[in-house]
Amino acid sequence: MKIINIFDKIIEKDLESGFPKKKLLFRFPPEPNGYLHIGHAKSIYLNFKLAEKYKASVILRFDDTNPIEEEKKFINYIKKDIFWLGFKWNKVTYASNYFSKLYDLAKVIIEKGKAYVDDQKQEKIQEQRKNPFEDGIESPYRNRSIKENIFLFKKMKNGYFNDGDCVLRAKIDMKSPNMNLRDPIMYRIIKKKLHYRTKNKWCIYPTYDWTHGQSDYIEKISHSLCSFEFENHKQLYNWYIYNINKKNSLTPRQYEFSRLNLNYNVLSKRKLQILVKKKIVNGWDDPRMPTLSGLRRRGYTPESIKSFIKKIGISKRYNQIDISILEFSIRKHLNKISSRVMVVINPLLIIIENYPTFQVEWLKAENNPEDITYRKIPFSKFLYIESEDFMEKNTKNFFRLSLGKEVRLKNAYILKANNISRNLDGSIKSVYCSYDQNSLSKTGLSSKRKIKSTLHWVSKIHALKIKINIFDKIFIKQIPEKSKTFLDFINHDSLKTKMAYAEPSLRTATIKDKFQFQRIGYFCLDKKSNKKTILFNKTVSLK
């Protein structure tokens, strides 16, 4: 499996060195503070595919250490997204299950003289850390006795202090060029919001860096695979594990891969949360969002997302992925599975003068050329075509309908434009045409006449009124994440809703169905669609 070759080599080398294959264990550890985005899909794919290859297990662990941001509802959405991608975890765990163990392990660090309670405010601690090119300033509480630190840490746990009064910090190196080693915070006090699982049992909460590695250790994770922004945290990860366990060949080891960076998007839950809270989008599953729920609602398939990840590969090298690669993946899959239907967005009335007024023919139409099934579509005297498919005066490079010129109607007859009628403002109201009654598609010699252009259409009296959402990029800047003012690059015209006229077969469309609106693009039914308002989302254009 070429996509995970860099990790294949690591794992194969470990196995050759004597690491027991039965001890291989992977995990996917999301924080339940938002929906998963397509960047998470890369990590999910990597961990689950490695487990599949080596017949190992995957733990789905929720790193729920921040009661302010985390909610139970996010857990359900995360599970739904992973399952939708086609993966199944072996076990679900929670960092909050380990709060007692993490507290006891923190006391081990204190008892070794390698952690202390600091009474300074967070702003002061941050100021003393300085920068990678300047030595940090040690806290005046750094050399408290082990006994005092144990006593104060217990008081923190028992609720004696208020939020921000003090923190527990690891005692490492305030001169380290790696800022993560400058006495990082291990525990902070949070009383202002109850934890969604443990309620008021705890008022001190472990930081992510302390929780992550120790949860890996508790669960006996063999290979902790992280995106590349955690590379600078690796020394801290190893420091913590070494100081609770010394060196052990079976302790978890962290390995990094490049995160997914997608043009015209932000792939940060914190920034996506800002879009939701400021109502720039209509929720986490807005089809413009790069969340898995948003992509699913827009019509993306799990197959297309996995194909996309496989195509871009997994490496340690930073790369910015063009959104066209993602669009290519979904377009390729939808071309295989979508039902072809006809929908007119900008209607122009066609009146077939030599067609009987009250006659209706139900014509045979192919659903998909790769899986040939058929449906019936109504044909009548009065039709709609796209207004841009007609030009009153023919030009050299215009091959669609114009006066005196013939076109073929998809699945139907050859049509010739004869006259037009106008509105009071001079715009074209309707086009009067005649049809060749012997030219019905695939029915005889006349039907085989070579006509340069084929148009889609719908019968006016049978047309189903629908609404369609057409989406543009949510940001106008190619890499908005590089700017702290990423909100300055919001595309305020990223959603347009239009009325359209569809063939009546779309009346029975379901959320699971995928459609190609011929000559327009790929579409799916939106979850807010109902009998009164039938609403479709445009997934991607045809090209």
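This is a predicted model: local features need pLDDT of at least 70, side-chain atom pairs count only at pLDDT 80 or more; totals for chains, interfaces and linings use all residues.
Is Phe48 buried or exposed, and what is its relative accessible area?

Residues are numbered from 1 along each chain as its sequence is written, and side-chain values use heavy atoms, with hydrogens and water left out.

1. **Aromatic pairs.** A search of the whole structure turns up 27 aromatic pairs. Rings of Phe, Tyr and Trp (its six-membered ring) pair if their centres lie within 6.5 Å; planes under 30 degrees apart count as stacked, over 60 as edge-to-face and the rest as tilted. One of the pairs is Phe48 with Phe87, which is stacked, at 5.2 Å centre to centre with 25° between the planes.

2. **Where Phe48 and Phe87 sit.** Phe48 belongs to helix α2 (residues 38–53) and Phe87 to the loop between α3 and β3 (91–94), so their pair ties together parts 39 residues apart in sequence. Helices (H or I, at least four residues) and strands (E, at least two) are DSSP runs, numbered from the N terminus. To answer the opening question, Phe48 is buried, with a relative accessible area of 6%. Phe87 is buried too, with a relative accessible area of 6%. Here buried means under 20% relative accessible area, exposed over 50%, and partly exposed in between (1.4 Å probe, protein chains only).

3. **A second stacked pair.** Phe62 and Tyr94 also form a stacked aromatic pair, with 5.5 Å centre to centre and 25° between the planes. This pair links distant parts of the chain, as Phe62 is in strand β2 and Tyr94 in strand β3, 32 residues apart. Phe62 counts as buried at 0% relative accessibility, and Tyr94 is buried with a relative accessible area of 14%.

4. Tyr94 has another neighbour worth a look: Arg197 lies over the face of Tyr94, 3.8 Å from the ring centre. A charge sits over a ring if NZ of Lys or CZ of Arg is within 6 Å of the ring centre and within 35 degrees of the ring normal. Lys364 lies over the face of Tyr374 in this way, at 4.1 Å from the ring centre. Elsewhere, Phe99, Tyr103, Phe153, Tyr187, Trp202 and Tyr205 make up one aromatic cluster.

5. **Salt bridges around Arg61.** The structure holds 29 salt bridges, each being a side-chain nitrogen of Lys or Arg within 4 Å of a carboxyl oxygen of Asp or Glu. Arg61 forms one with Asp216, the closest N and O atoms being 2.8 Å apart. The pair joins strand β2, which holds Arg61, to helix α7 (residues 208–219), which holds Asp216, 155 residues apart. Both Arg61 and Asp216 are buried.

6. **Asp285 with Lys527.** The side chains of these two residues meet in a salt bridge (2.6 Å, N to O). Asp285 lies in the loop between α9 (269–277) and α10 (292–298) and Lys527 in the loop between β28 (521–525) and β29 (535–541), so the pair ties together parts that are 242 residues apart in sequence. Asp285 counts as buried, at 14% relative accessibility.

7. **Asp389 with Arg519.** This salt bridge has its closest N and O atoms 2.7 Å apart. It links distant parts of the chain: Asp389 in the loop between β17 (382–386) and β18 (390–391), and Arg519 in the loop between β27 (515–517) and β28, 130 residues apart. Asp389 counts as buried at 1% relative accessibility, whereas Arg519 is partly exposed, with a relative accessible area of 39%.

8. **Glu70, a charge without a salt bridge.** Glu70 is found in the loop between β2 (57–62) and α3 (72–85). Glu70 is buried yet has no salt bridge, and the nearest side chain of opposite charge, Arg188, is 6.9 Å away. For charge, Lys and Arg count as positive and Asp and Glu as negative, while His and the chain ends are not counted. A polar atom of the Glu70 side chain lies 3.1 Å from the backbone nitrogen of Thr65, and one lies 3.1 Å from the backbone nitrogen of Asn66.

Notes:
A polar contact is a pair of N or O atoms within 3.5 Å; within protein, one must be able to donate a hydrogen and the other to accept it, and residues adjacent in sequence count only if both atoms are side-chain atoms.
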